[in-house]
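Subject: Structure handover

Hello,

Here is the structure for your files.

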Amino acid sequence: MSFTSKSPHSCEYCQKITIDLGLDNSAPQFSCGVEEILAADQAGCPLFHAFVESIKEEARLDESSANRCDLSFAMRYEKEDLPDSTAALILSVSGTLDDGTKNVDVNGQTKLVLWTTEDNAASTDITTRPYELDYASSASVGFARSCIESCQHNHKECRRSAAETRQGPETIDPNSLPSRLLQLIKKGSELQVKLIGQGSPEAIQREEVSQQGFAILSYCWGGPQPVHLTQKRVAEFGAGTPISQLPTTLRDAAWYTHEIGLEYLWIDALCIIQDDVEDKLRETSRVELYYSQSTVTLCAASAAKCSDGFLTSRGEDSTNHGIGPIQLQAKTSSDASGSIQALAESEDLDPKRPQEPITLRGWTLQEVLISRRILIFSSRHLKFTCAVTNACCTGPEPMLKPRVATSFESQVVGVDILSDLGDCPARNVWDTIVIEYTRRQLGLPADKLPAVSAIASSLIRMAKERDQKLLYLAGLMVDTSDPDHYAWRAQLLWVVSQTEDTHHVPGRAPSWTWSSVDGPVRTWDWPKPNDWSSNDGIRLHEYRVEPEDEVAPFGAVKGGYLKITARTRGLGMMTDFNYAVSTNRDSPNRSVEAGKSLLILSPDTKDREQVVNWGFEMEQDVFLLELIPFYENRTSPAGIIVTQMPNTGHYVRVGRFEFQKPEGEQTAEEMAARQKMFDDCPFEEIQIV
């Protein structure tokens with residue numbers, strides 16, 4: 001049976017329990033025997049079922065084992081200590097149980113968080129409330145304003161420029177403001193958006209906006225925009241447009257921006273001239289500034305298209321609760337009678353949970369990553385995240401709660417802030433981004449590099465602040481300060497997840513970068529060996545990438561090349577090796593014959609799988625280019641598979657190769673074969689395009 005905060009579970013068994021909110025954390029609130037636990041569980045009480053479930057991995061508790069156990073069941077109340085911890089009930093089971101074959105030591109524990117309503121007597125002891133599901137309510141708007149203001153005043157980490165780290169009101173660098181903004185104006189009872197800035201009748205008052213700030217929208221277009229800015233409509237939008245004439249998502253953004261006290265808003269469809277190529281190129285190159293400097297990003301996470309909106313009032317979804325809610329009687333610290341609800345929530349970050357629509361689109365990744373603070377309008381709850389804290393509009397985390405910034409830690413999968421990883425090595429951060437980005441979809445194949453350009457620019461800047469030299473090459477992030485010449489090789493060793501689902505896009509990018517293909521990719525995840533030697537003769541000694549326009553150095557490219565000195569071995573000479581062509585890197589590892597390594601050849605696309613086969617059959621010149629020499633206990637040698645272009649002498653990448661080791665020890669002969677794989681191959685200079 002499903003339960004919600006408005007219709008919680010209540011039965012004769014759990015109504016016998018009264019939680020004393022005045023007792024300290026160590027005092028037991030309730031205890032009982034096995035018979036009562038089993039009777040209540042069989043009657044369908046989720047509270048008593050939680051006791052049974054807490055030990056199911058250790059032992060099976062049922063009627064047949066009830067007389068063979070010595071178990072104690074207890075419940076204690078933990079007082080709230082916000083923002084760190086919510087009030088909770090701790091259910092514990094301890095003792096021994098004979099499962100019919102042996103005696104099992106049992107030690108189970110379940111934590112149920114508590115909340116109550118504002119008008120309940122228990123609200124004086126428990127300040128957490130059921131979730132506010134109306135995102136347009138005064139409570140939701142108040143939550144948003146409070147989070148933004150608290151972050152502005154207390155989080156120096158969220159002040160992006162050196163000038164902003166000083167005490168006092170948050171300001172924005174006037175030079176970082178958008179070229180155009182939407183000004184929110186009330187005309188009578190009607191809210192309008194008026195385009196101001198470049199080309200419009202009214203200029204942006206930069207000092208004023210710098211002091212007041214502006215909101216910015218991150219959303220899914222979901223196809224052609226029914227309302228968008230064109231060269232002919234600049235004057236029209238400059239005269240003012242009622243928000244009722246905008247698509248629902250844009251209308252919601254305008255309304256919410258006004259409600260949280262901001263006068264200015266940036267929306268790409270209405271602030272970039274969509275039929276002006278130069279304007280789109282110039283504005284796209286400045287997106288990093290806009291999202292990183294905005295006061296707050298409104299993330300319409302639940303909207304799959306611009307007509308969906310994100311402020312629609314939601315009903316409570318009972319599947320969000322793993323246990324409960326369960327109504328329990330309570331005695332307050334002032335001896336008044338009240339009630340509380342106990343529950344365990346299903347995980348927000350559960351990978352099996354359907355992802356929010358916004359996390360499936362390519363452009364939206366960089367929009368949230370480079371933001372300083374985000375209001376996330378998810379399909380479940382209204383949440384806030386910044387570089388320092390998370391919070392949710394009511395529920396168990398109603399206040400800004402600090403977090404450890406060691407990974408992407410937003411409360412919504414795929415909606416994260418780049419500064420969370422500010423202290424991690426830049427290349428590791430980029431690898432994480434590439435894996436996430438390449439699984440997303442783009443409306444236009446040509447957007448592959450532009451849609452990630454702002455993140456690349458931001459990461460280059462972040463690395464520079466840490467005195468780290470990064471070079472961006474059409475999707476690859478090369479650490480040029482690495483004296484061991486390992487980082488650039490690792491960047492070249494990306495691999496597609498599934499050959500069948502990946503295709504090459506001619507002319508979009510050089511073949512050596514993942515941006516030349518469409519489909520999920522994985523990056524090289526082997527760290528540098530402890531006994532690594534850079535004196536192996538393999539060098540990257542020349543590179544060039546030509547951007548389509550110098551205005552956007554991190555955007556689309558016309559072409560590029562790498563010149564590498566390395567050893568190559570023809571694929572037709574590899575038939576003595578135990579090998580396999582891998583077209584699905586997500587599948588479990590193959591079994592490897594005892595004592596033998598398995599040479600894994602991973603083509604980038606289906607067409608290039610055919611090229612690999614032709615290479616084995618000597619119908620086409622296909623080579624293994626060594627990037628990682630042999631190291632014991634590694635998947636090496638490893639490198640990329642290349643083929644020579646006719647009449648040019650240049651090479652193109654067609655895949656990656658590495659070795660998969662057998663489970664047991666390798667024979668001396670097998671080790672020697674891997675070690676000597678390239679010994680008779682001379683070093684040569686190879687140009688890859």
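Ring pairs link Y13, F30, F48, F51 and F73 into a cluster. Please keep in mind that the model is predicted.

Aromatic pairs

There are 20 aromatic pairs in total. One of them joins F623 and Y651 edge-to-face, with 6.0 Å from centre to centre and 70° between the planes. This pair connects distant parts of the chain, since F623 lies in strand β28 (residues 622-628) and Y651 in strand β30 (residues 651-660), 28 residues apart.

Charges over rings

R653 has its charged end over the ring of W494, 3.5 Å from the ring centre. The charged end of R674 is placed over the ring of F659, at 5.5 Å from its centre.

Helix α16

R674 also belongs to the buried residues of helix α16 (residues 668-675), together with E670 and M671. What do the buried residues of α16 pack against? They pack against β30, the strand that holds Y651.

Salt bridges

The model contains 29 salt bridges. In one of these, D484 pairs with K528, and the closest N and O atoms are 2.6 Å apart. Here too, distant parts of the chain are linked: D484 is in the loop between β19 (476-479) and α14 (487-492), while K528 is in the loop between β23 (521-522) and β24 (539-547), 44 residues apart. Both ends are partly exposed, D484 at 25% relative accessibility and K528 at 34%.

D518 forms a salt bridge with R508, with 2.8 Å between the closest N and O atoms. D518 is in strand β22 (residues 517-518) and R508 in the loop between β21 (503-504) and β22, 10 residues apart. D518 is buried, with a relative accessible area of 17%, and R508 counts as buried at 9% relative accessibility.

E658 and R656 meet through their side chains in a salt bridge of 2.6 Å, N to O, and both residues are buried. Finally, a network of salt bridges links R180, D279, R282 and E283.

Regards

How values were computed
Residues are numbered from 1 along each chain as its sequence is written. This is a predicted model: local features need pLDDT of at least 70, side-chain atom pairs count only at pLDDT 80 or more; totals for chains, interfaces and linings use all residues. Side-chain values use heavy atoms; hydrogens and water are left out. Rings of Phe, Tyr and Trp (its six-membered ring) pair if their centres lie within 6.5 Å; planes under 30 degrees apart count as stacked, over 60 as edge-to-face and the rest as tilted. Helices (H or I, at least four residues) and strands (E, at least two) are DSSP runs, numbered from the N terminus. A charge sits over a ring if NZ of Lys or CZ of Arg is within 6 Å of the ring centre and within 35 degrees of the ring normal. Buried means under 20% relative accessible area, exposed over 50%, partly exposed in between (1.4 Å probe, protein chains only). Contact means heavy atoms within 4.5 Å. A salt bridge is a side-chain nitrogen of Lys or Arg within 4 Å of a carboxyl oxygen of Asp or Glu.
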